[in-house]
Amino acid sequence: MRLETAEAYVGPGGPECPMRTPQLALLQVFFLVFPDGVRPQPSSSPSGAVPTSLELQRGTDGGTLQSPSEATATRPAVPGLPTVVPTLVTPSAPGNRTVDLFPVLPICVCDLTPGACDINCCCDRDCYLLHPRTVFSFCLPGSVRSSSWVCVDNSVIFRSNSPFPSRVFMDSNGIRQFCVHVNNSNLNYFQKLQKVNATNFQALAAEFGGESFTSTFQTQSPPSFYRAGDPILTYFPKWSVISLLRQPAGVGAGGLCAESNPAGFLESKSTTCTRFFKNLASSCTLDSALNAASYYNFTVLKVPRSMTDPQNMEFQVPVILTSQANAPLLAGNTCQNVVSQVTYEIETNGTFGIQKVSVSLGQTNLTVEPGASLQQHFILRFRAFQQSTAASLTSPRSGNPGYIVGKPLLALTDDISYSSQGNGSCSVKRHEVQFGVNAISGCKLRLKKADCSHLQQEIYQTLHGRPRPEYVAIFGNADPAQKGGWTRILNRHCSISAINCTSCCLIPVSLEIQVLWAYVGLLSNPQAHVSGVRFLYQCQSIQDSQQVTEVSLTTLVNFVDITQKPQPPRGQPKMDWKWPFDFFPFKVAFSRGVFSQKCSVSPILILCLLLLGVLNLETM
């Protein structure tokens, strides 16, 4: 076989007769002359491995550079031998000019940083790299030209005069292939775009278009009913927007309000957080968190599947306002009617979802001053639907029947609580006393100018709350209608006669809530109950002439276990072995475990000696 070009003519058995034109550059076209039965095999990537520009531009990795005008043919590979590194062949260049195997692309899609070299972008001119692959670990897609190769068996090649890059490699079958790189411009250019106008727009959109984009959230089928902990869906008819019922919670050391905290289905809980205002005068009427309407101007979706048709009134549960609520108003230096407490009551009916939602709001007034703050309380309560009126008014149990550690200590007026606030001042919102949890709290009360009696009354009310609790539930499931299930709280006030000062005012500064409790019932299932509660006050005296502006108050909660444990059970009784009735005449003595003092030991010894004598006679 011979590979001939227009530069040379090879006759059968004759010498080569080159025809050279010294001044004209000839258009080179190569011809492959194959024996009968041999055909070229085009391939865009020989043996699956596309030759790189670095491999073609330099003879490394075992390759050898050959003369531009000649490439010596190699023998076929011996079957069974491992694949060897291919021999690299560099092309000749007409007119002694070098040929760029991978010229720079006219459009460099990965050149994203003007004036800087983008990593692994082999077409970025700002990199100033002749061989980018020597620096980059790989080339990004689209940064090098696509290549096409035409391959034949290397055994049929004798000489190559091709100016195009060529390569000899071993395929997966162990056969050496001689490949020529073809400059196929169709691989490196986009097809001509079609012109789009009003006439063919619809036809092109129908031919090449697909389904429109849809939201992933909408494509997923929502569950049929709420599960415990699921976020509760809400719907704003005015804006046709689906959202979630939020229960802001305090985060960080300052307890700042986090608005994104969702309310969980069947998770009754209360949260407290603080809001700080840079300019309360403008936030008074613009901040939705202060506006009562923002807590009930929406509907609640009965079940999650309602979101597929939220406008259907059958699936919407309105939020019923059960308290008076006025819009915030800025009157002089006071922001009136700001929301300080939100309480949601949600009634559910199993898998049928939410049946009723009501909200009650607490409002207060804020003084417009620099650094003004507001502490808000959010309460969420769930209960079963279609309960009786008496049952619906009953507070949640703290045990059934015995108290559970951590549950509120029930009082007849309200849960027993103590006053404190995050900034150190005494707050109207009080912390509930939890059964079995000892606690200590302190706050500072700012005093108003008043006489001694009014001052004492104000401090007492701050310590024990308003109104003062009178009774405490003995068990965690006590019924308010049953007076026998409650015990009266004992009070021990300060003794006025203990001081010898006529111009002094005795004010309480500390309250210790002492709770005596015990376990009752079976040892295998003990139930905790309250035996007694006492409020113990500690006081200090101040002179009437002293101008006291604030006083530090302390509240302590102490639980004392007075359980009287029973005596531990004795060990298992020993077996009382009994002989037959007429086996021995002294059976009664043995059966009772002791010998009768009335009986003598001598008859027993005589009987034993007689038996031994009889046995000896029989053996003889």
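Student: Are Cys-122 and Cys-139 buried or exposed?
Tutor: Both Cys-122 and Cys-139 are buried. Keep in mind that this is a predicted model.

Student: And what joins Cys-122 to Cys-139?
Tutor: A disulfide, with an S to S distance of 1.8 Å. The link between Cys-122 and Cys-139 is left-handed, with -85° about the S-S bond. Cys-122 and Cys-139 each sit in the loop between strand E4 (87-89) and strand E5 (148-153), 17 residues apart.

Student: How many disulfides does a search of the whole structure find?
Tutor: Ten. Another one to look at is formed by Cys-151 and Cys-179, whose sulfur atoms are 2.0 Å apart.

Student: Which parts does the pair of Cys-151 and Cys-179 tie together?
Tutor: Cys-151 is in strand E5 and Cys-179 in strand E7 (residues 176-182), so the pair ties together parts 28 residues apart in sequence. Both cysteines, Cys-151 and Cys-179, are buried.

Student: Is the disulfide of Cys-151 and Cys-179 left-handed or right-handed, and why?
Tutor: Right-handed, because the torsion about its S-S bond is about 110°.

Student: OK, what about Cys-452 and Cys-505?
Tutor: Cys-452 and Cys-505 form a disulfide too, with the sulfur atoms 2.0 Å apart. Their link is right-handed, with 90° about the S-S bond. Cys-452 lies in helix H6 (residues 452-464) and Cys-505 in strand E24 (residues 504-520), so this pair ties together parts that are 53 residues apart in sequence.

Student: Is Cys-505 buried or exposed?
Tutor: Cys-505 counts as buried because its relative accessibility is 2%, and buried means under 20%.

Student: Switching topic: how many residues are in the largest nonpolar core?
Tutor: It has 39 residues, and those with the most contacts inside it are Tyr-403, Leu-409, Ile-459 and Ile-513.

Student: Which elements give two or more residues to this core?
Tutor: They include helix H6 and strand E24, along with strand E21 (439-446), strand E25 (527-543) and strand E26 (550-561). The largest share, eight residues, comes from E24.

Student: Nice. And what lies apart from that core?
Tutor: Another core, of 30 residues, which includes Tyr-226, Phe-265, Val-319 and Val-357.

Student: What do nonpolar side chains tend to do in soluble globular proteins?
Tutor: They tend to be buried together.

Key. Residues numbered from 1 in each chain as written. Predicted model: local features only at pLDDT ≥ 70, side-chain atom pairs only at ≥ 80, totals over all residues. Heavy atoms only, no water. Disulfide = S-S within 2.5 Å. Helix = DSSP H or I, 4+ residues; strand = E, 2+ residues; numbered from the N terminus. Buried < 20%, exposed > 50% of the residue type's maximum accessible area, 1.4 Å probe, protein only. Core = buried A, V, L, I, M, F, W, Y, C linked by side-chain atoms within 4.5 Å.
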